[in-house]
Amino acid sequence: MIGIRRAYVWAARLAVAAIFLGACIAKIRDPESFALAVHRYRLLPGEWVNLLAMVLPWIELTCGLALLAAPARWRAAGAAIGFGMLAVFTGAISLNLVRGIEASCGCFSTRADAAVSDGWNLVRNGALLWLAAAVFVEAFRSAAARPPPRAPL
Amino acid sequence: MPAVERGEWLRLAGACAGLLGLASALGIAVNMLHPAPTRLPWVGDWDHHIETKAFRAGIPVTFLAGARERVTDLAVAIFDARLPEQYAAGHLPRALNLPVGEADERLGAFADRLTMETPIMVYCGGADCADALDLAVKLREYGFTDVTLYPGGYAEWIEYGGKSVAGGQP
């Protein structure tokens, strides 16, 4: 049972990390197009759009790397931030759907011909939220189980 | 989750702040290293972006996927707001030419094809031109209820391999 649980958490780690690492590539390559994708959500004041477009892909990158290869506490931090980002993305996509904005989510592609967001994006994000929560719980428990490093005498 | 000491939550918060700080510093540094033409300015001029103006004017916007659907949907009327010579050089399939400056005189020619409820998509040269938005606003003022702007326009259509039709008004 413990083996299955461990395999599940590992699979969740790999899946969430792969999603974040895959998602950041197009955004880092073409920040201008990503800024336009952020602007199309019409949720942020114009002054914040470019700053978010500069920083967000790198948050995805560091979270992805932390989930893959970092010690438990940093892994928990990566999962917590990833969970928060996924929750915000899901809310933003939902708002776009409700408002009838025919925009791509800007998740994996910043090209003009990227598929328009639909309910499938919400289902996918719901599954990722579940996996990110599982990774967080496992990593946070591991971190809490280890005694903090002692200060030298 | 079993009770966890408060210090562990604080250490987690510290790790989160560390990751966010590192990522932000990397993002900003890499942007600064970009050559000037591709570097994002700290603050973009989004208030004057054509899509912002359309949003404020209450004109719905569609993008490439939506434009492709509308081109194949015979119920949708498509208007090209560019000049006649630009239209003749190449336009979206089924598009009719209606330069914004001549809309008053030329719209009557399409009266037999339109009702006030006909879905309409308008476009012009690309994201830098405002003619299509001006035409969309004008069509709304005339009473057309379903007018959508395609801000990517002819430039984006061609860039992504869309079919172009040359020639004058059918």
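Q: What makes the pattern of chain A, read along the sequence, α-α-α-α-α?
A: Chain A has five helices and zero strands, where helices (H or I, at least four residues) and strands (E, at least two) are DSSP runs numbered from the N terminus. Read in sequence order, chain A is therefore written α-α-α-α-α. This is a predicted model, in which local features need pLDDT of at least 70 and side-chain atom pairs count only at pLDDT 80 or more, while totals for chains, interfaces and linings use all residues. Residues are numbered from 1 along each chain as its sequence is written, and chains are lettered from A and ligands numbered from 1 in the order in which they are written.

Q: What share of the residues of chain A count as buried?
A: Of the 153 residues, 46% count as buried, that is, 20 or more other C-beta atoms, placed from the backbone, lie within 10 Å of the residue's own.

Q: Which residues of chain A and chain B take part in the contact, and how many are they?
A: Chain A gives 39 residues and chain B 34 residues; two residues are in contact if their C-beta atoms, placed from the backbone, lie within 7 Å. On the side of chain A that touches chain B, α2 (31-40), α3 (46-69), α4 (72-99) and α5 (119-145) each supply at least two residues. The largest share, 15 residues, comes from α3(A).

Q: How are the domains of chain B known?
A: The assignment gives domain 1 (6-38) and domain 2 (46-159); such bounds come from an automatic or database domain assignment. The C-alpha centres of these two domains of chain B lie 43 Å apart.

Definitions and conventions:
A residue is buried if 20 or more other C-beta atoms lie within 10 Å of its own, exposed if 12 or fewer, and partly exposed in between; C-beta atoms are placed from the backbone.
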